Amino acid sequence: MSKTMPFLFILLFLFNKAMTQNYDESKVPDYTLPEVLKTESGNVVNNKSAWEKVRRPELLTLFAENIYGQMPKDFDSIRFTITNEVADAMDGRAQLKQVTISVWRMGKSVDIHLVLFTPNNRKKPVPAFLLINNREDSTMDATRKIKSEFWPAEMVIDSGYAIAAFQVADAAPDDKDTYQNGVLQLYPKQLQADNGMKAIGAWAWAASRVMDYFEKDKAIDAKKVALVGHSRGGKTALWAGANDRRFAIVISNCSGNSGAALSRRKFGETIKLINNQFPHWFNDNYKKFNDKEDALPVDQHELLALIAPRPLYVTSASEDLWADPKGMYLSLWNAQPAYGLYGKHAALPTEMPAVNSPIIHSVLGYHEREGIHDLTKYDWNNFIQFANYQYYGK
Ligand code: GCU
């Protein structure tokens, strides 16, 4: 290789990056967001009944058709098996349960493995946080030999909440060649359809099966379950929360493109970039919108609106421009009309809040953490404060 070759490669790499992603606010194109409350036929809904009967189902269908795929609800049977139980985990502060959730359909089955800690010495069922774990298994170590900020189980237990997690790979391996080996075995027709669910749909489906379990566990207050996801898990939390209204609170951490961030801003990651790198996350129809954001009948603020009237918390990180912090704040801001229909008024400032200045006392919460793309104790601490405020007003 000649001496100039490495430089040529670097130049090519930089040129390629510059061509594919924008980090310059002045280059964000002019765009018009689809109106949350305006139906496809042009009527503006102005009350919650019309929202729930007409516009909400319409939006859910648009997201299923064009982005995340269908969300099948039928299965033949579900079984919960406690595989391990420890009464005095965490030095006696918590009870550990490991549960295998087995779901059957047409002779095929899938197993979701849940790790659940509930605080001891509580008489009433407790509210819970459920993490969609898109990191390694050790992140949710049941033995607590390994402790990770990504799932700070001790901290959540000491705050009086149950804490649970499941591994996304149980539902669908995060791989373009093998994502079919999980939930999709139960729904083979999804694999043939342009609007069929793929990995993110399968992960969201699994979160709902965990909710099926929570409804049966007397230690858990299933009416107070907060669903948490980071990044690809954050996209999943939003989609799961939009579909399954049993989740009382939805928390999207650094979810970025095709999560909380507005696609039409084309800042950082774009639809084309995400589809090219992760073809197994979204349905095939979504590929039609590569470089055609304005043709999408929805934008991501409408996904957030589907969580209404339930509390929703969105985060970003100052060094995570790929996920477009400003685009996530604008998205949250633009979800407000749906909350307004329920008489819920968010305390969001017009200007995006400064770094490390969380908005907690509001039905729509937000923070931009200083630092990189990650899920940390700082984030979790704010989630706990947010839940305290929503459930107990403090
Ligand atoms: C990639 C991807 C993002 C995603 C992130 C993650 O960076 O481009 O869309 O959110 O991975 O899941 O960590």
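This briefing covers a sheet, a helix and a cavity. The model is predicted. Helix 7 is mostly covered. A search of the whole structure finds one cavity of 30 Å³ or more.

- Strand 7 (residues 249-253) pairs with strand 8 (residues 312-317) in the parallel sense, over four bridges.
- Opposite Asn 253 stands Thr 315, in strand 8.

**Helix 7**
- Helix 7 spans residues 232-243, twelve residues in total.
- From its first C-alpha to its last, helix 7 reaches 17 Å, close to the 16 Å expected at 1.5 Å a residue.
- Eleven of the twelve residues of helix 7 are buried.
- Among the buried residues of helix 7 are Gly 233, Gly 234, Lys 235, Thr 236 and Trp 239.
- The buried residues of helix 7 also include Gly 241, Ala 242 and Asn 243.

**Cavity**
- The largest cavity has a volume of about 30 Å³.
- Its lining includes Gly 256, Asn 257, Ala 261, Leu 262, Phe 267 and Glu 269.
- Trp 322, Ala 323 and Asp 324 also line the largest cavity.
- By class, five lining residues of the largest cavity are nonpolar, two are polar and two are charged.

Notes: Residues are numbered from 1 along each chain as its sequence is written. This is a predicted model: local features need pLDDT of at least 70, side-chain atom pairs count only at pLDDT 80 or more; totals for chains, interfaces and linings use all residues. Side-chain values use heavy atoms; hydrogens and water are left out. On a 1 Å grid over the protein atoms alone, a cavity is a set of points where a 1.4 Å probe fits but cannot get out, and a pocket is an open set with protein on both sides within 12 Å along at least five of seven lines; lining residues have an atom within 4 Å of a point. Grid points are joined across faces, edges and corners, and a volume is the space filled by probe spheres set on the points. Ala, Val, Leu, Ile, Met, Phe, Trp, Tyr, Cys and Pro count as nonpolar, Asp, Glu, Lys and Arg as charged, and the others, Gly among them, as polar. Helices (H or I, at least four residues) and strands (E, at least two) are DSSP runs, numbered from the N terminus. The expected span of a helix is 1.5 Å times one less than its number of residues. Buried means under 20% relative accessible area, exposed over 50%, partly exposed in between (1.4 Å probe, protein chains only). Two strands pair if DSSP finds at least two bridges between them.
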